[in-house]
Amino acid sequence: MTDSTPGSAGMRAEQYLAPETIGQLTSFEFRARMIAEGVMSGMHRSPYQGLAVEFAEHRQYVSGDDLKHLDWKVFGRSDKLYLKQYQQETNLDVVILVDASASMRFGTLKVKQGWGGTDASTRIGTWTKFDHATAVGAALCYLALQQRDRVGLAMFADGIKAQVKRSNAKSTWRSVIRTLATETVDDTTDFGKVVEQTLASVSNRSLFVIVSDFLVPTDMVKAGLARLRHRRHDVMLMQVLDRQELQFDLDEPSPFEGLEGEGRINIDPRVIREDYLAALTKHCSTLEKTARSLGFDYLRLDTHGSVGPALAALLARRALLARGGRAG
Amino acid sequence: MTFVTTSLAIAGVIAAAIPILIHILLRRRRKPVQWAAMLLLIEAARRHRRKARLEQIILLTVRAAILILLGAALAQPLLGERIGVTGERTTHIILDDGIIGGLVEADGRTSFERQVSEASTFIESLPGGDRISIVLAGAPVRFLIESPTADHRSAIRAIENLPSREGATDIASALELTETGLDREGMQAVRIFSDFRRGSVDDRRRPPVLHGPAGAPIELIASMPIDEPTTNVQVASITTARSPLSTIGTGDLLLVEVGLRRTGLTPEAVSNVRLEGDAMSGVENRRVEWSPGRTKARVDFQVRVDTDGGVLEVAVDPDALPLDDRRFVTVEGRQPTRVLMVDRDELAGSTRLDRLRGTDWFERALLPIPDAAIAEAITIDRVDPATINDRDLEGTSIAVIGRPDLLPLGFELTLANWIRRGGIAVVLPPGETTIRPWATPLLEALDVPWAVSLEPKEIDPPRSLSAEQPNSALTTLLDAELIELAPSVRINRRLPVEDAPDGDVVLIDDQGEPVLLDAPIGAGRLVFFAVNPELEWTDLPVRPLMVPLVQEIVRQGSALSRREVDGVVGVRPPLIRGSSVATITLPGSASQAVTGAIVQIPDRTGVVEGYDLGGNLVERMVVNPDADGGFVDLLAKDAVAAWLESSGSWRFTGSDVDVVEMIDDQSSLAVILIAIVLFLAVLETLLARWFTRGGLRTQRSLGLTGANADAEQDRSRRGAAA
């Protein structure tokens, strides 16, 4: 049974979903399940409970269950309390786009020897943005599949590098896990091209969850999002940034080298910090305004923080869509 | 290039190496940081460049100001009156290399060597463009470097091996010499290096007024008078006395009177005096016991002189100032004294007393009794005044001129030259008629101020010689007898003499009118009888006074004239008496030709040898140290300042504070500039650090956070509210 205390359950779930915790899970699959279930168990009440229209199974009544779902017929026959469980029916397609460009290799949260994760994080011993993005992506896939949504996955950089076709079949989950675990993290980002390739394979209205650092010109992002909006798709932008990128709290003058071939510059971080943070703030602000102006959601994730908010946001968004509303 | 303080320059070089060393030690190759958000970093760098440009301009301005002000401070700008003076600074250095500089100090160095060392340090401390000239103040005063030079190294080399001389210090003359170079362009300074003991300051002379170019002030700096008492015993004088009448025979002894002088501290002490030389055989020693406070002593020797004469040397035990511990004197051999009677020969041989002339009486007084010994000691020749020439004076010690009015025209110049070289001229007024005015040309030639009348004057009633006679070197030994012998002398006629200085009068009559006069002229003397020793003038020839008077004129006159023969370092050259001397050799100098009896003033003691044209040694002379410059008594600073005051306002400084004082005095603006430089240096450091930490922004940003962190914060807030 779930804890009925929202605060305590939420705190426990967040601790449970902290990168330091989930990073210790070597199995990619188990990690995704754990994240998704951790989020769901932490909720006070399932947001999609009661929305189902097709009976699935019975389960024994426990204190606190709503009596309206009680199967009185069973009670009459067996004198035992069982609840009727329903499976949700939906026509929502969820397409998760995970950025696998070279910039996603960046990370500063140290991980212990033997931790699980992507090849990128294993090599450098840190929890990278890509690790965070794949954890979020996998959890979202798992969550969506659990709710019988059709889920598709695409890994992108300067184009679609790998993808899993949308499906709510149980085999989809295996494909998603395999794709996330094996894809290389390289190349530059061409957001316009990615959107173009994605739209070519999607005909019906879908929810696009884009997990990326979005360290590309905002104009490029804006153009891609506009095209998605034009096709009446819904989009969630999940910008994954490392804490060092967010705070830029370095002390040693050093040469800085771009991961996507931007070259090298020698700077003193102490001197340039304020200007960097100003540029970052402006970039993120522009990105968020662009998303909001198109009716999309924007979420900035810190790789040193919990992945829970990302899932909660997705569930809230899904519930909104299921009720027929729109955010924007 | 030179530095004000060499040690500071070395420290500066070492200090400059420190940051370089730190840079090398801390230098490391930094590992490149792999960075994802290069897009933002490049944008930030672009933004920062604009802001950094302003910061760099500010830093550049401050740093440039530091360098400009530092350069100005090092250039030692001057305030006030010195601003108008242009050009490089010229320092005229006066080194006291007089005999007093030979004082040996506790560390074994002479005081002059110490002053040379201090002067070298001073020269090294001068800025590179400063010029220096150097004057040596030991007599004879001379330039060591006359044209001011900026080559400080050469100047130091020039003074490094200088010895102190045996002449007295003459700072007044050194300043006069320096004053000739003060009219040059640029700031002028005079720096005296001296201990300023008593021997360095000659009270008889005052330093000249020093003027700078166009009335500009001159910086006058002198060493602080030394305050280290010491004692010094010196051989101050040697007097030889030998009567011409006792020059011959086995009993011929020379009386050598040695005067010792003690200056500085005068404790109880003992001095050993030694007499030796090639004029005698063996060595004579005497012992002088100094009682406390005693400053003078006299030591008498009686020695048998060799036939040929020679040089005697007197020495005392070496003391702190060894340069004046010995002295030389020349001693003539056993040659008869030649006396030349210059008078007409018309009545020679007359035995009538009333017909005898002054020269006759003089001759009789010289040879009072027909003694063979005396006859060999004195050679008396006669010559007619009308025919006398310079060859007659050759070898003559004394010339008794009975008829000066009959001397050839122009002969007074020859006579004056002979007197100056040591001759003694005894002039008697013409006994009868005067042929021509003779006195004025002769006195003018000899530069004697007396006014002698042309005609004698009868005295009626006759006068007698005064019982109280003036003190005179010529009659020193007769002072006791004059009281009894003089009043008996009657005077009937006299030649009036006016304007005679008191020191020149030997005998006076009872009316105070001069009867006998004596004037030192060069190395010789002019002895003038205002009353001719003839019976028509006076009864002196037949009085008991006549013989001792004449004897003393010859003996004492000879002795006095011999004193002026020896040379003194820095004061006078030795007197060349022989006309045949063609070349001489001074101590420490090459042989030099004698031109018109003019000899270079010697700068060293020793024996001088004179050679004739054939290269034969014909005369020996000596040069002695100037003992008057060896006074080691201390002088107070005020006394020295008062003596120097006539030349300007002097500042006294010790050797260890020279440079500091000069810089302090000249660089008041430099101090202010250096203070500003220090302030700007601190400001630059703070600005550079501030700009490095974020520049003109004062608030440090915290950066962005993620949604997960925001959610955590929200939950924290909700939990706190619950």
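**View 1. A cis proline sits in a strand of chain B.** B:P461 is found in strand β19 (residues 457–464) of chain B. Strands here are DSSP runs of E with at least two residues, helices are runs of H or I with at least four, and both are numbered from the N terminus. The peptide bond from B:D460 to B:P461 is cis. Its omega is near -5 degrees.

The model is predicted: local features need pLDDT of at least 70, side-chain atom pairs count only at pLDDT 80 or more, and totals for chains, interfaces and linings use all residues. Residues are numbered from 1 along each chain as its sequence is written, while chains are lettered from A and ligands numbered from 1 in the order in which they are written.

**View 2. Another cis peptide bond of chain B lies at B:P140.** Where is B:P140 placed? The loop between β3 (131–136) and β4 (142–149) of chain B holds this proline. The bond from B:A139 to B:P140 is cis, and omega is near 0 degrees.

**View 3. B:P533 lies in a loop of chain B.** This loop runs between β24 (524–529) and α12 (546–563). Is B:P533 buried or exposed? B:P533 counts as buried because 27 C-beta neighbours lie inside 10 Å. The cut-offs are these: buried means 20 or more other C-beta atoms within 10 Å of the residue's own, exposed means 12 or fewer, and partly exposed is in between, with C-beta atoms placed from the backbone. Leaving out residues up to four places away in sequence, B:P533 touches B:G358, B:W361, B:F362, B:L428, B:T538, B:L540, B:P541 and B:M546. A contact means that the C-beta atoms of two residues, placed from the backbone, lie within 7 Å. B:P533 and B:L356 are 177 residues apart along the chain. Their C-alpha atoms are separated by 9.6 Å.

**View 4. B:P385 is a buried loop proline.** B:P385 lies between β15 (378–383) and α8 (390–393) of chain B, in the loop. It counts as buried because it has 20 C-beta neighbours inside 10 Å. Which residues is B:P385 in contact with, leaving aside its neighbours within four places in sequence? They are B:V342, B:D343, B:I401, B:R403, B:L406 and B:L407. B:F411 is 26 residues from B:P385 in sequence. In space the two are 9.8 Å apart, C-alpha to C-alpha.

**View 5. B:T61 is an exposed helix residue.** Helix α2 (residues 38–74) of chain B contains B:T61. B:T61 is exposed because 12 other C-beta atoms lie within 10 Å. Now find B:E684, 623 residues from B:T61 along the chain. The C-alpha atoms of this pair are separated by 9.6 Å.

**View 6. Two aspartates have positive phi.** Phi of A:D79 is near 60 degrees, a positive value in a residue other than glycine. A:D79 lies in the loop between α4 (72–78) and β2 (82–87) of chain A. With 7 C-beta neighbours inside 10 Å, this residue counts as exposed. In chain B, phi of B:D447 is near 60 degrees. B:D447 lies in the loop between α10 (439–445) and β18 (451–452). It has 11 C-beta neighbours inside 10 Å, so it counts as exposed.

**View 7. Helices α6 and α7 of chain A pack together.** Helix α6 (residues 129–146) and helix α7 (residues 170–182) meet at an angle of about 175 degrees. Their axes are 10 Å apart. Axes are lines fitted to C-alpha atoms, for helices over the stretch in contact, and angles run from 0 to 180 degrees between N-to-C directions. α6(A) and α7(A) are therefore roughly antiparallel. That term is for angles over 145 degrees; under 35 is roughly parallel, 65 to 115 roughly perpendicular, and the rest oblique. From α6(A), the contact uses A:T134, A:G137, A:A138, A:C141, A:Y142 and A:L145. From α7(A) come A:T172, A:W173, A:V176, A:I177 and A:L180.

**View 8. Helix α11 of chain A has a kink.** The kink is about 30 degrees, centred on A:D275. A bend is the angle between axes fitted to the seven residues ending at a residue and the seven starting there. Among the buried residues of α11(A) are A:D275, A:Y276, A:L280, A:H283 and A:L287. Just after α11(A), A:G295 takes a positive phi of about 80 degrees.
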